Amino acid sequence: MQVVGFHQPGGPEALEVIDLPTPPPGAGEVLIRVHAASVNPTDTMLRSGTRVRRTEEEPQVRVPGMDAAGVLEELGDGVETDLAVGDHVMAVVAPTGAHGAYSEHIAVPIESVARAPHGFDDQEAATLPMNGLTARLALDTLGLEKGSVLAVTGAAGTMGGYAVQLAKKDGLTVIADAKDSDEERVTGLGADLVLRRGDDFPQLIRERYPDGVAGVIDGALMHEKIAPAVRDGGTVITVRGYDEAGERGVTFTPIWVVDYAREHGRLDELRQLAEDGTLTLQVTETFSKDQAPAAHRRLEAGGVRGRLVLEF
């Protein structure tokens, strides 16, 4: 099979098409013929070396990618599922070494797989697993009661957008940030109040909610800058490991989507919510596998709304 990977961390040009053996599905796993893999910031961090452990040994091939969609091709021993060979599926992938979604084939635990949402193509389905599960994990970690006020930064992004839509489904009041050019998009996601994105976002929140909001999902990586928006004892969910101590009892709580990598029920619920229109799946641009460096350059340039997708 062919994969998109790298031997040494570096810039987008480090990505290349590499031939590797097709992995057989192990016990409890299924083999997917991948048709689409979305491109996420975590992929560019892996490629650049931000998330690669450096050793004295010759580096192995490393393959990025946490979102895959395609066709179920083979069931491993002991797999119990209502899925059948030939079904279109989506999967969340925890990449390690040569095991990543940027591959023509990938073997993953059956718990990491769900049927692709009906009415969507593989490219659209590939935008849902990782970001959708991250948003779901963020809300589950906060555990806010219905009617609570939540702020979402980075609401125009894919994960932030899913967080807004899932929060509204959960019965929360949502304040979201947006640039002027993104205000219509974020309002369309269902946010109750859209305020100008930037360092003064917390102040704008306090003008309307003097006691602060119950919690924040910080997709924009504001970190300590968002703390003034939160009520005493509130929680900020972070997505890059930030966990510094806050003032006024405010807690910064990092989440890692790998904790939900085998939560089949939650992944399948995302599928249902896409089908009923609660979640909006958006592909901004597609690239062939040999155009992966261009896809990474496009993402790192910023301003992408929706997801870039590699086709295999």
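Guide: This is a predicted model, in which local features need pLDDT of at least 70 and side-chain atom pairs count only at pLDDT 80 or more, while totals for chains, interfaces and linings use all residues. Residues are numbered from 1 along each chain as its sequence is written, and side-chain values use heavy atoms, with hydrogens and water left out.

Visitor: Which residues of helix 4 are buried?

Guide: Buried means under 20% relative accessible area, with exposed over 50% and partly exposed in between, for a 1.4 Å probe and protein chains only. Helices are DSSP runs of H or I with at least four residues, strands are runs of E with at least two, and both are numbered from the N terminus. Because 10 of its 12 residues are buried, helix 4 is largely enclosed by the rest of the structure. The buried residues are Thr158, Met159, Gly160, Gly161, Tyr162, Ala163, Val164, Gln165, Leu166 and Ala167.

Visitor: What covers the buried residues of helix 4?

Guide: Contact here means heavy atoms within 4.5 Å. Helix 4 (residues 158-169) packs on the sheet, where it touches strand 8, strand 9 and strand 11. The cover of its buried residues includes helix 3, strand 8, strand 9, strand 11, helix 7 (264-275) and strand 15 (307-311).

Visitor: What is the order of the strands in the open sheet of six strands?

Guide: Two strands pair if DSSP finds at least two bridges between them. Strand 8 (residues 149-153) and strand 9 (residues 173-178) run parallel over four bridges, and four bridges also join strand 9 to strand 10 in parallel. The edge strands, each pairing on one side only, are strand 10 (193-196) and strand 13 (251-254). With parallel pairing, the order of the sheet is 10-9-8-11-12-13.

Visitor: Which residue of strand 10 is the bridge partner of alanine 176?

Guide: Alanine 176, in strand 9, is itself the bridge partner of valine 152. On strand 10, the bridge partner of alanine 176 is valine 194.

Visitor: Is aspartate 200 buried, exposed or partly exposed, and how long is the polar contact that joins its side chain to that of arginine 196?

Guide: Aspartate 200 lies in the loop between strand 10 and helix 6 (201-208), and its relative accessibility of 25% is why it counts as partly exposed. A polar contact is a pair of N or O atoms within 3.5 Å; within protein, one must be able to donate a hydrogen and the other to accept it, and residues adjacent in sequence count only if both atoms are side-chain atoms. The contact between the side chains of aspartate 200 and arginine 196 is 2.4 Å.

Methods:
Axes are lines fitted to C-alpha atoms, for helices over the stretch in contact, and angles run from 0 to 180 degrees between N-to-C directions.
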